[in-house]
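Thanks for coming. I will keep this short and go through a few local features, one at a time.

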Amino acid sequence: MEIYSSEEQQVEALKRFWHSYGKAIVSGVAIGLAGLYGWRYFQAEQREQAEQVSAQYSQLLEQQQSEGADWLASAKGFIDAQNDTSYAVFAALLAAREAIDNQQLAAAAEHLSWVMNNAKDAPVKAIAQLRLARVQREQNNYADALATLAGSVPASFEAQQAELKGDVLQLTGELAQAKAAYQQALASSEQSRPLLQVKLDELAHITAS
């Protein structure tokens, strides 16, 4: 390493260094600052957007109390506009419930299918799956309901899924399979299920085919 014997030599060395690398240093600092402030701007913009969506969702909830059946159109508009947010998922679940209350089962099934395909949270997907299968059962679409229930769910939902599958199978006349589904539900359940036990007892005479 070069050793400088005087202040003049050190000054000259600094001049040479700055002449060689000064522009690169300035550019690097500028890029670093631009990146820092750019990231902060991005974060601020994201927060602002999230606050706007939250406010719109709150407004949608307020409109539900006054618009009645017409609220479904407002909900669909919100879902379409905010389809990549969790608020859209919550709105779709609410819209499905509103549609069921208004006997619009096809619309309810559409919203619940959307939740199943777009929700990122596994429990939310499971809730949508069970509700969709119940709607399809009410529509007498038993094959669709069984197809819906074929999807995997978290362990905490397995008992409900198996019981609902048993209900649908019983409606189709597949009593042996219904009994097996009820047995699976009982085995998966972590708590007492008196009604499930009654369903199983009613099929006690059924033997496996």
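Start with asparagine 140: its relative accessibility is 52%, so asparagine 140 counts as exposed; exposed means over 50% relative accessible area, buried under 20%, and partly exposed in between, with a 1.4 Å probe and protein chains only. Before going on, note that this is a predicted model, where local features need pLDDT of at least 70, side-chain atom pairs count only at pLDDT 80 or more, and totals for chains, interfaces and linings use all residues. Residues are numbered from 1 along each chain as its sequence is written, and side-chain values use heavy atoms, with hydrogens and water left out.

Asparagine 140 sits in the loop between helix 5 and helix 6. Helices here are DSSP runs of H or I with at least four residues, strands are runs of E with at least two, and both are numbered from the N terminus. The phi of asparagine 140 is positive, near 65 degrees, though the residue is not a glycine.

Where is glutamine 103? It is in the loop between helix 3 (86-101) and helix 4 (105-118). Glutamine 103 also has a positive phi, about 60 degrees, without being a glycine. Its relative accessibility is 65%, so glutamine 103 counts as exposed.

Now helix 7, residues 158-171. Its 14 residues should span 20 Å at 1.5 Å a residue, and the end C-alpha atoms are 20 Å apart, which agrees; the expected span is 1.5 Å times one less than the number of residues. Buried residues in helix 7 include Ala159, Leu164 and Val168. After helix 7 comes glycine 173, with a positive phi near 90 degrees.
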